[in-house]
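My notes follow in the order in which I looked things up.

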Amino acid sequence: MHFGSFDAERHWRPKDLASLPQLADPAADRLVARMDEALFAAAAPGDLLITREPVSPAQRHALEDAGFGCAHRHAGDRDEAADVEHRILDSTDLTLLVGEFGTLRPYAVLPTTVGLAESAGHAGTVPPVESVARVNGKAWSSRLGARHRLPGAGRVVRSAAELETAVRSDAEEGCSVVLVKDTYGVAGRGTFEVTSQRRLARLVKHLRGQEEEGLRVEFVVQPRYDREADFSSHLRIDPDGSWQLLGVQSLVNAGYRHEVSGPASRALTSTPRSPTHAEAVNTVARELAREGYFGPVCIDSMTLRDGSWVPVLEVNARMSMGSLNLGLDERVREHGLRSHLWQEDAAVADGFTADRFLEALRAEGLLYEGGSTPGVLPLVSGSLAAPRGRLICTALCAPESFDSLRASARSVASSVGVTLVGAT
Amino acid sequence: MSSATQFTQTEARVRGVLAEVLAGKIPPEQITVDADMVQELGLDSLQAIQFLLRVEDEFDVELDYETLSLDHLRSVRYFTAEVLGRLVGEK
């Protein structure tokens, strides 16, 4: 049984933490609230998915035709601001329905998830939320990295003064750009690039003001590394602490935001490095289990141009876009295809409907309809709303065909009113 | 130099800053003074902060983030007039 909010970090972040300079973006928040539709990718036939909002019937039919259907209910028509967990909990019918399913597969475990599990008769099937919140903080993974001497681990700072010292230290060692990361920042929100003394002074002043208001400073300071490639390792930890590596995904980020997850080159994990990939994953898994966490895990790593690597950039103790793509990939490999999940921002014209996009893809012979014929499958319809939206699709094809298939899908999207920024 | 000319030069500098932030994503020629930075040019919240920080460097001013939102980034023209214009004028 699948459900879950995609803005989990917001729920885990303590209210008394100081924040980096940021601008409110309600449109982006509304968009993220629709992304739970992507959980169709994680559900098998016979599973149940409860989404926060209704899903377009055309979208559901397209998923079913492609072989990704499952039982579906939505928790819409309730308190507009409430997340899906609260909406389910507030509905006797949905809570009873959840109780009928043997296993909960939340996208992430939030405080409400624990209450929901208890109400549905699944107490103890999700880890303690305090553990979940702790291990999802970048401060936790940075301390883990430091403790195990993993290369590239960030430094945790607890005051504006400490931050200033740490950034100056990295700069003096030759780092032209030093990153300051909010411990619960996600998708680029919560990363600050320090590129000059002036910018450092600006940030320190901003944080001192918050310290004077009584807020607590906790950030991670890290050089901006000379990236060669990003990748993510996906594992599942069982309640008894045993774990298994499910797979590795290549990762392309736009800035600091996820853009593409796809098949990973074997060289990413087999190249001899210190520590080895297996050692790093084992270290993180053992530490997570020691903290009482069980469930899905995504470890983000990076290889550098100098041949070294940063084994633990961050740990996401939840599902992720990479894990969703890994699940899709496993289901289409029997057809000789690979899954490439991508997302990108778009300007959406008034009057656009996801149905038109599906029709246009079908008309062009681009819509994936199951089997071994390559195609594109939109994964989220609710994120394509005027005026700002996000296109979230998978291209099911051979890796060498991904770029051309994505370009064709972009062209079709544009023809029906979804203009992708920077698409060429 | 007339104020109208000065205003245009300021817009050009703002546009130059924006082009740096969006480098590789948007061809500079697409960045017109009236293009919506968020909806048309795809400036996201992280890039918006980078843009504002670079504007501070470029114009030697200090912006008040608490009072700003993505809505202030409607266009180069709007931002220059409504946010930057006052600060530059005050200097």
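**Confidence.** I started with pLDDT, the predictor's confidence in each residue, from 0 to 100. Chain A averages 94, and 98% of the residues score at least 70. I then went through the elements; helices (H or I, at least four residues) and strands (E, at least two) are DSSP runs, numbered from the N terminus. Confidence in chain A is lowest in helix 2 (residues 26–32), at a mean of 84. It is highest in strand 15 of chain A, at 98.

**Ground rules.** I noted that this is a predicted model: local features need pLDDT of at least 70, side-chain atom pairs count only at pLDDT 80 or more, and totals for chains, interfaces and linings use all residues. Residues are numbered from 1 along each chain as its sequence is written, while chains are lettered from A and ligands numbered from 1 in the order in which they are written.

**Chain B.** I listed its elements next. Chain B has 3 helices and 0 strands. Along the sequence the pattern is α-α-α. I counted a residue as buried if 20 or more other C-beta atoms lie within 10 Å of its own, exposed if 12 or fewer, and partly exposed in between, with C-beta atoms placed from the backbone. By that count, 34% of the 91 residues in chain B are buried. For contacts I used C-beta atoms, placed from the backbone, within 7 Å. Among chain B contacts between residues at least 6 apart in sequence, 67% join residues at least 24 apart.

**Where the chains meet.** How many residues of chain A are in contact with chain B? I found 21 residues of chain A in contact with 21 residues of chain B. Strand 7 (189–194), helix 10 (197–212) and strand 14 (338–348) of chain A each supply at least two residues of the chain A side. I sorted that side by class: 8 nonpolar, 5 polar and 8 charged residues. Here Ala, Val, Leu, Ile, Met, Phe, Trp, Tyr, Cys and Pro count as nonpolar, Asp, Glu, Lys and Arg as charged, and the others, Gly among them, as polar.

**Strand 14 of chain A.** Is it mostly covered or mostly exposed? It is mostly covered, with 10 of its 11 residues buried. I then looked up its partners; two strands pair if DSSP finds at least two bridges between them.

- Strand 11 (residues 257–263) of chain A runs antiparallel to strand 14, with 2 bridges. A:Ser261 has A:Leu341 as its bridge partner.
- Strand 16 (residues 388–397) of chain A pairs with strand 14 in the antiparallel sense over 10 bridges. A:Glu344 stands opposite A:Leu391 there.
- Strand 17 (residues 418–420) of chain A is also antiparallel to strand 14, through 3 bridges.

**Helix 3 of chain A.** I turned to a helix pair. Axes here are lines fitted to C-alpha atoms, for helices over the stretch in contact, and angles run from 0 to 180 degrees between N-to-C directions. Helix 3 and helix 14 (residues 354–363) of chain A pack at about 35 degrees, with axes 8 Å apart. A:Ala58, A:Gln59 and A:Ala62 of helix 3 meet A:Ala354, A:Asp355 and A:Leu358 of helix 14. The residues of this contact divide into 4 nonpolar, 1 polar and 1 charged. A:Pro57 is also in helix 3 (residues 57–65) of chain A. A:Pro57 counts as exposed because 10 other C-beta atoms lie within 10 Å. From A:Pro57 to A:Arg224 I read 167 residues in sequence and 44 Å in space, C-alpha to C-alpha.

I checked for cis peptide bonds. One joins A:Ser274 and A:Pro275, with omega about -5 degrees. A:Pro275 lies in the loop between helix 11 (267–270) and helix 12 (277–290) of chain A. Another joins A:Ala386 and A:Pro387, with omega about 0 degrees. A:Pro387 sits in the loop between strand 15 (375–378) and strand 16 of chain A.

I then looked for positive phi outside glycine. A:Arg149 has phi near 55 degrees. A:Arg149 is in the loop between helix 8 (138–147) and strand 5 (155–157) of chain A. Why does A:Arg149 count as exposed? It does so because 9 other C-beta atoms lie within 10 Å. B:Asp60 also has phi near 55 degrees. B:Asp60 falls in the loop between helix 2 (45–59) and helix 3 (76–90) of chain B. B:Asp60 is exposed, with 10 other C-beta atoms within 10 Å.

Technical notes:
Contact = placed C-beta atoms within 7 Å.
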